[in-house]
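Reader: I am new to protein models and would like to learn how to read one. Could you take me through it step by step?

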Amino acid sequence: MNTGLDVGSTTAKIVRLESGIITASKVVPSHRWKELLEYGNKWDTVETIATVETTEAIQTPEATEIIQATETTETTGTAETIVSTGYFRKTVPHTAAITEITAASLGVRYYIPDAQVIVDVGGQDTKVIDLRNNTFLINDKCSAGTGAFLELAAHYFDIPVESLGKLHTRASRCARINNTCGVFAISEMISQLVGGYTMEEVICGIHQAFARRIAQMIPPVETVVLIGGTVLNQGLVESFESIHGSTVVVPPSPQTVNALGAALYGKKLRPEQ
Amino acid sequence: MTDTVGITALIPPELVYACRHRPLDVNNVVPTSSINPRSKLCAWTAVWRDEIMEGRMDIDSLVVVAGGDCHNALVDGQKVALSGVPTHYFFYPFDRDPDYMASQLKGLARFLGGIKDKEMFRTISGLKEKGLALDQLRVDDRARASDVFSALISFGDLQGDPAAFEEVLDTIPHTDVEYSSRVALIGVPPIYPDFHEVAESFGLHVVYDELPYEFVRLGGNDMQALAGSYRNYSFSGPITGRIEMIRQELDRRRVDGVIHYTQFACHHTLEDEIFRAHLDYPVLTVQGDLPRPSSEQLKLRLEAFSEMLEVMP
């Protein structure tokens, strides 16, 4: 069995593969990543994490606890390969660790074998991966164009970030938000509210500003694959589609694609599984 | 009397030695400097400027390469000049005109008091031969890139003492290198002091350092030869010539990918799109600002690039 564990800045995700088929997946907040392994073990009660390397890198108190807990699980002798990815990839139990770039490339190709450009909108950064020439860009110096930008907007309105997409659909027009700096965009949001725009219309404007920021990072291409938890926001996806002009494809479960890619990497390491 | 002459970018160090002075590449102190510059665009120039103006760097005069390489140096160099340091401005010809190059070298020799020891031209030519051999050694996987980079970058001033520097070159270990991918490092040198070591830790063997290679590639045994050689300094002319040169080296050194280092607020950053369009290799662009050990963001990029070169079809 191959497990992909993606512990990112905001959320932690797990995907389990058996004979190339996804048999389990789950998403929890990052700080609760341990639950994912417990969840996986309950889901597949006869497996164990026998192959986890107890390297220095994973000897955090949490990691040690998980390893000890799973070593006592009833086993059938079937080894599990855990490949970790995400910001915390080297501090959680893993057989191997890969970067999110490689994980995204492998995960997206599972669903879309001829994918050309992937945009992974994460909580703290955005990555653009051009599979045509194996290049990538990462924006991690500015919150605009990352999930943190939307968190700021949601925080201002005191609403859950998950509700932004639904509120966007209620807007009859979009307020223009020009600023590409997340912090200054809040000032501009306030100005637009003062100017008579509704919350929904300002949210629509925020999504468009977000989409413009991401679009600047993307090379010319006909089809873009969007992944990451942020693309569950339909308002953002629609804004991106209208601004970038490319065809946008969102694979099933866009939030767990990197965990899937990590699991697929494990399959590369141990093809017999 | 031998003076220490600060130099802000590549000028022929053989000429400084031939004038019986000691060059000091002011950039070499930057990666390990603790200075937080008061005002800056590019940290490379701002840090050496403050190092000099705060009296931390012991130089008697300064040669500012103000045309054809680093544009920010022109202003920061003048700030140093206004603080009382005798300063000379050196310009490369964009059109590679040999007469203009010769006139610039003559002007520099005048500023340095005239040529007094022509034998230094030959001495340093010999050392550059050793530098080229060392460069080839890492191309042949028989020397660590971090060791070779340290040596090549020092050819800007030969560490102030050619004889002692030769001994340093002779101690560089010849060792078989294992790696996952061969990469070229183009652009200005990284401001991170541990860049090559970090790249090595991710299996990336840097087989071409664009700028330091210029330090050993260019030279000559007299003023005319120097002018004929240094007018071809790749950073100083049209980018088409630089692209041609890089392509040649990428092919000769059998690289798998290219890392383009860019410095925040350096005009060379604008060249990134051109390289991406004209080099038929995977390109990773990284950017640095203040001198610090390699950041986690940089490490992520290097690790991901290494994986992409190794794992992806």
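This is a predicted model: local features need pLDDT of at least 70, side-chain atom pairs count only at pLDDT 80 or more; totals for chains, interfaces and linings use all residues.

Reader: Thanks! What does the secondary structure of chain A come to?

Author: Helices (H or I, at least four residues) and strands (E, at least two) are DSSP runs, numbered from the N terminus. Chain A has nine helices and ten strands.

Reader: How do I read the area buried between chain B and chain A?

Author: The size of an interface is often given as the accessible area lost when the parts come together. Buried area is the accessible area (1.4 Å probe) that two parts lose on being put together, summed over both. Here it is about 1800 Å² between chain B and chain A, and carbon and sulfur atoms give 56% of that. Leu300(B), Met308(B) and Met312(B) supply 34% of the area that chain B buries against chain A, more than any other three residues.

Reader: Which residues does Met308(B) touch?

Author: Contact means heavy atoms within 4.5 Å. Leaving out residues up to four places away in sequence, Met308(B) touches several residues, among them Ile101(A), Ile129(A) and Phe136(A). Met308(B) sits in helix α13 (residues 296-311) of chain B, and it counts as buried because its relative accessibility is 0%.

Reader: How many salt bridges are there between chain B and chain A?

Author: Side chains of opposite charge can pair when their charged atoms come close. A salt bridge is a side-chain nitrogen of Lys or Arg within 4 Å of a carboxyl oxygen of Asp or Glu. Between chain B and chain A the count is two. One salt bridge joins the side chains of Glu303(B) and Lys90(A) (3.1 Å, N to O). On the side of chain B that touches chain A, α13(B) gives the largest share, nine residues.

Reader: Which residues are linked with Glu303(B) in a network of salt bridges?

Author: The network of salt bridges links Glu303(B) with Arg89(A), Lys90(A), Glu100(A), Asp125(A) and Lys127(A). Within it, Glu100(A) pairs with Arg89(A), their closest N and O atoms being 3.8 Å apart. Both Glu100(A) and Arg89(A) are buried.

Reader: Why can I say that the salt bridge of Lys128(B) and Glu14(B) ties together parts of chain B?

Author: In this pair the closest N and O atoms are 3.1 Å apart. Lys128(B) lies in helix α5 (residues 119-139) and Glu14(B) in helix α1 (residues 13-18) of chain B, so the pair ties together parts 114 residues apart in sequence. Lys128(B) is buried, with a relative accessible area of 4%, and Glu14(B) is buried too, at 0%.

Technical notes
Residues are numbered from 1 along each chain as its sequence is written. Chains are lettered from A and ligands numbered from 1 in the order in which they are written. Side-chain values use heavy atoms; hydrogens and water are left out. Buried means under 20% relative accessible area, exposed over 50%, partly exposed in between (1.4 Å probe, protein chains only).
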